[in-house]
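Q: Can you walk me through this one? I'm new to it.
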Amino acid sequence: MKYFVYLVVFFFPICLMAQPAPHIIPQPVSLQLTSGSFLLDSKVGGNAPADNESKRVVDFFTAYVKQVTGVSLQANKAATKTIHFKIAKINEVGDEGYTIT
């Protein structure tokens, strides 16, 4: 029991100092964390250009969020908060790369 107390006293401050890494798959090559937050709730909408591929991305994302969280996002509608999806060729990241801003 004495050793358990020592372990807790030693490791607890280390856990408080460590910043949790976001869970993003695939893991990005670089990541810059800033302050703030974004809450996914029913006031969030997904928006994308009118092409079929972008619409499929928004539909997949909104269905996945509903399946995992139970929150119904507003697909392709004006909303209080909006996530904009855009599929574009970016030479710097290659065919399998992505950027999130």
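Q: Where does Tyr 64 lie?
A: Tyr 64 lies in helix 2, residues 52-69. Helices (H or I, at least four residues) and strands (E, at least two) are DSSP runs, numbered from the N terminus. This is a predicted model: local features need pLDDT of at least 70, side-chain atom pairs count only at pLDDT 80 or more, and totals for chains, interfaces and linings use all residues. Residues are numbered from 1 along each chain as its sequence is written, and side-chain values use heavy atoms, leaving out hydrogens and water.

Q: Is Tyr 64 buried, exposed or in between?
A: Tyr 64 is partly exposed, at 45% relative accessible area. Buried means under 20%, exposed over 50%, partly exposed in between (1.4 Å probe, protein chains only).

Q: New topic. How many salt bridges does the structure hold?
A: The structure holds 2. A salt bridge is a side-chain nitrogen of Lys or Arg within 4 Å of a carboxyl oxygen of Asp or Glu.

Q: Which residue meets Asp 41 in a salt bridge?
A: Lys 81, at 3.3 Å, N to O. The pair links distant parts of the chain, 40 residues apart. Asp 41 is in the loop between helix 1 (2-17) and strand 1 (44-47), and Lys 81 is in strand 3 (residues 81-84). Lys 81 is partly exposed, at 22% relative accessible area.

Q: And which residue does Asp 59 meet?
A: Lys 55, at 2.8 Å, N to O.

Q: How far apart are Asp 59 and Lys 55 in helix 2?
A: They are 4 residues apart, so about one helical turn separates them. Asp 59 is partly exposed at 30% relative accessibility. Lys 55 is partly exposed too, at 38%.
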